[in-house]
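Please read the briefing below alongside the sequence and the coordinates.

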Amino acid sequence: MPISVLDVKLMASQRLADTDDGGGQMTGIEIVDGNVNNLFPDISRLDRTYGRVSLREAFVAVMTADNDTYSGAHVILSVPAQDDNVSVCLFQTGNSFDVRTGARDYIESYVVKGARFPGWLWGNHPAGSRSLLIFAIKGTRSPSIGDVLFLSSGSGQYVRVTGIEVTRCEFISTSDSTYGTSSLAFSRDIFAINIGDALRENQAGVEISKNDAQATTVYSTSVYDAANYYGVMLPTGDIAKGDVAINVDSIYTHLVPSAQGESPLVDLSVGETSPVIGSGQPYSLTVPAFAVTDGGQFNFNRGIAPGSLSFVYSGHTLTDDNTGVLYEGTAQRGTVDYSTGTLHFSGVAVATATVTATAVVGVEAARIANTASIPITLSTQGYNYTAILEPPPSPGTAVVDYMSQGTWYRLRDNGAGVLVP
């Protein structure tokens, strides 16, 4: 008797639940077709509000009493969920005894532990924390938003960077009797990092010293697409016999809940592609009894040529780095708008004193920007693109816009020949 469609059955695993031990081996219980909630429960109000990942393990079995040849069975998703907020997909781990924790780790295996990150956790971080404080040698490249780091303490945890703030601090070593000499001063870059998931375990850190030791080791990660997911998308056009490509409404699906929101940014400079050009000898402006405050500003009343500013007050000297950042030594103290000559202070020593600002007067030269575009198609996809810019752009005027997954991103020339977000 040949194998029929009725002989192919979907069988339940030991535990159809979203607990850590959910799943397990195959049972003899059939998941009957057409029964509501026979595999997944109803979606609760809380799940609709906060989002939820539900994992269920099921098995395809061919049950027949004879020895007819079994040529293979398959499972497909034929109709997408009618609720726009619900996404369904299939994947397999290759382990018939997997539990939910193993399946979860398999989903998260799109990244693997890579090289050690050249930084250390500053102080102990308790479980439940959603931020990390990492220090590194001066000049270390900071993680970017969206990067994933691996913390080695305990069972280990992958954390995604959702926000980062970088500062540079000066420290004095007290390790020997010559304390106080300039030779014992050293700098460290401090990365205050927000992470998407709270820490599941306590992470041990260390204090900053000239000879940095390590407790919890921080690793960078590499993308490793170990899992394949199978879903269903609706076509947006007619499909004809012999077509090798079709159009669908989307090629993406959600693996984990995500929330999107908009935060309008107002009163910001859009950074036009017009350089500020200086001319003549430095000009000095002295203002008596000026209050330098954290979050305050100072107006030079003239444009400022990049790299020429010196702002002196009460024993403190601030200079610019040619890219619009104010420094006192190696510590950032604010920003400067070269075209308007406005200084914005941040983290400065508060004082009311006579201030003297010296700079070469500059003017913003309005220019018509030269533009070029590179269409990205299936045949031109790549990691490196080159273009000959003629005439060469002035420092600080080059802008590169690109789209990835429907979102536009902008890179700007920082004036030193480097494109930065």
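In helix α2 (residues 100-107), the buried residues are Arg100, Ala103 and Ile107, where buried means under 20% relative accessible area with a 1.4 Å probe and protein chains only, and helices are DSSP runs of H or I with at least four residues, strands being runs of E with at least two, both numbered from the N terminus. Seen down the axis of α2, these buried residues fall within an arc of 65 degrees, so they line one face of the helix; the arc is that of the directions from the helix axis to the C-beta atoms.

This is a predicted model, in which local features need pLDDT of at least 70 and side-chain atom pairs count only at pLDDT 80 or more, while totals for chains, interfaces and linings use all residues. Residues are numbered from 1 along each chain as its sequence is written, and side-chain values use heavy atoms, with hydrogens and water left out.

**Val161**
- Val161 lies in strand β7 (residues 157-172) and, at 1% relative accessibility, counts as buried.
- Although Val161 and Ile195 are 34 residues apart along the chain, their C-alpha atoms are separated by 4.8 Å.

**An open sheet**
- Three strands form an open sheet in the order β2-β1-β3 with antiparallel pairing, two strands being paired if DSSP finds at least two bridges between them.
- β2 (23-30) and β3 (58-62) stand at the edges with a single partner strand each, so one side of each is left without a neighbour in the sheet.
- Strand β1 (residues 8-15) is joined to β2 by three bridges, and Met11 has Glu30 in β2 as its bridge partner.

**Confidence**
- The protein chain averages a pLDDT (the predictor's confidence in each residue, from 0 to 100) of 81, and 87% of the residues score at least 70.
- Over residues 258-263 pLDDT stays under 50, and the model has zero contacts beyond four places in sequence for them.

How values were computed. Buried < 20%, exposed > 50% of the residue type's maximum accessible area, 1.4 Å probe, protein only. Contact = heavy atoms within 4.5 Å.
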